[in-house]
Amino acid sequence: MSDSVYVAGVGMIPFAKPGASETYDVMGERAARAALDDAGVGYDLVQQAYAGYVFGDSTSGQAAIYGLGQTSIPVINVNNNCASGSTALWLARQAIASGTADCVLALGFEQMQRGALGGGKLPDRPPAMKRGIDATIGIQGWGDGPMAAQLFGGSGQAYMDKYGVGSELFAKVAVKSRKHAANNPYAVFRTPISEEEVLASPLQHGPLTRLMCCPPTCGAAAAILVSEDFARRHGLKTDVRIKAQSMTTDVPDTFDSGDMMTIVGYDMARTAARNVYEESGVDPSDIRVVELHDCFTSNEVTTYEALGLTPEGTAEKFVLDGDNTYGGRVVVNPSGGLMSKGHPLGATGLAQCTELVWQLRGQAQARQVDGDVSLALQHNLGLGGACVVTLYEKAGRN
């Protein structure tokens, strides 16, 4: 196994509201071409491809990738809910690290419909998330609101009850996300909002209002991963390396913990983050920029603690001190995150990757984090469940 896996190229297209985007195959091809162009390689040199998406027919990955050419390489379709893009990235890294391939494409795309996410599409069989839903019913019952809002609203309420904070904390995070997105031409929602506007927007479930919930979005993003030998032979960039990565699924007590935070992935994230810190020897205090899975602002708050960015129970102080934004200790979601950039499910993990690569290269323009940004952390979560945490480092030549 090799620990030298480099991100030679990244690409992303501007995200769009449902109904205003191109079709998934066109979006996917555009993002993949952008990543290939950024890497400086032709598609003929790609040896494997992994395509992440949630809503689409089987072999949708081929439909997008065949626009680049038909070279007979393996194309693997990945569906891991909202962690599909980072799962494709995880598989691509494994292929390089194992020596199976030297140049791999990881692609994520999603063409979504309007409205909140529902449950399973096949009513004649148990939903894949049945364990989590049953556990949720046992803790808080089940209402008429959107499924995801009930799950993450319950988690937010659990955090409020545990640490005695108010929903204003979640509103402050939404305001911060919009402020960051104002500098991101790829983001859907770039207009600033106030804390009062967030709190006054329609209630969804528990403490969550509409402006604390991410929107359905369409988009695509991609990355080209290469081995060190391949990069050297082809004169490619080795300026960003994947230093460590961990993918986890639910822990033994997820569904009998009686804790909504655990049901929506807190322990998965904490385990994956600890694995990454142990593998890399990096302390979370050394990290200056993070892209994390803020599908709801309540999840951003709890994830600060799951990733070790601040001790458990101190997220409110972390936010009030401005340690989650520019001028603070770590800039969280400089892209605007899922809340404001948008959340095209299969594309999200690779959009996070793209933003962090740009940050490490110093190419993030008005979003660029000041100072020496040498490490960047990514967190991508899918209920059902999967969590991928990836640590990138600045390394080598440009």
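**Close-up views of a predicted model**

**View 1. Helix α10 and the glycine after it.** Gly 281 follows α10 and has a positive phi, near 75°. The model shown here, as in every view, is predicted. Helix α10 covers residues 266-280, 15 residues in total. From first C-alpha to last it reaches 21 Å, close to the 21 Å expected at 1.5 Å a residue.

**View 2. Helix α11 against helix α6.** Helix α11 (residues 297-306) packs with helix α6 (residues 168-181). The angle is about 100°, and the axes lie 8 Å apart. An angle of 65 to 115 degrees counts as roughly perpendicular, so α6 and α11 are roughly perpendicular to each other. On the α6 side, the contact is made by Leu 169, Phe 170, Val 173, Ala 174, Lys 176 and Ser 177. On the α11 side, Thr 297, Ser 298, Glu 300, Val 301 and Tyr 304 meet them. By class, this contact has 6 nonpolar, 3 polar and 2 charged residues.

**View 3. Helix α1 and its buried face.** Helix α1 (residues 24-39) has 16 residues. At 1.5 Å a residue these should span 22 Å, and the end C-alpha atoms are 23 Å apart, which agrees. Buried in α1 are Met 27, Gly 28, Ala 31, Ala 32, Ala 35, Leu 36 and Ala 39. Seen down the axis of α1, they fall within an arc of 165°, so they line one face of the helix. An α-helix has 3.6 residues a turn, so residues three or four places apart point the same way. The buried residues of α1 pack against strands β1 (5-12), β4 (103-110) and β7 (219-227). Helix α2 (60-65) is another packing partner. Just after α1 comes Gly 40, with a positive phi of about 80°.

View 4. Val 75 lies in strand β3 (residues 75-78). Buried means under 20% relative accessible area; Val 75, at 15% relative accessibility, therefore counts as buried. Leaving aside residues up to four places away in sequence, Val 75 touches Ala 49, Gly 61, Gln 62 and Ile 65. Tyr 50 is 25 residues from Val 75 along the chain. Yet the C-alpha atoms of Val 75 and Tyr 50 are separated by 5.8 Å.

Technical notes. Residues numbered from 1 in each chain as written. Predicted model: local features only at pLDDT ≥ 70, side-chain atom pairs only at ≥ 80, totals over all residues. Heavy atoms only, no water. Helix = DSSP H or I, 4+ residues; strand = E, 2+ residues; numbered from the N terminus. Expected span 1.5 Å × (residues − 1). Buried < 20%, exposed > 50% of the residue type's maximum accessible area, 1.4 Å probe, protein only. Arc of directions from axis to C-beta. Contact = heavy atoms within 4.5 Å. Axes fitted to C-alpha atoms, helices over the stretch in contact; angles between N-to-C directions. Parallel < 35°, antiparallel > 145°, perpendicular 65-115°, else oblique. Nonpolar A, V, L, I, M, F, W, Y, C, P; charged D, E, K, R; others polar.
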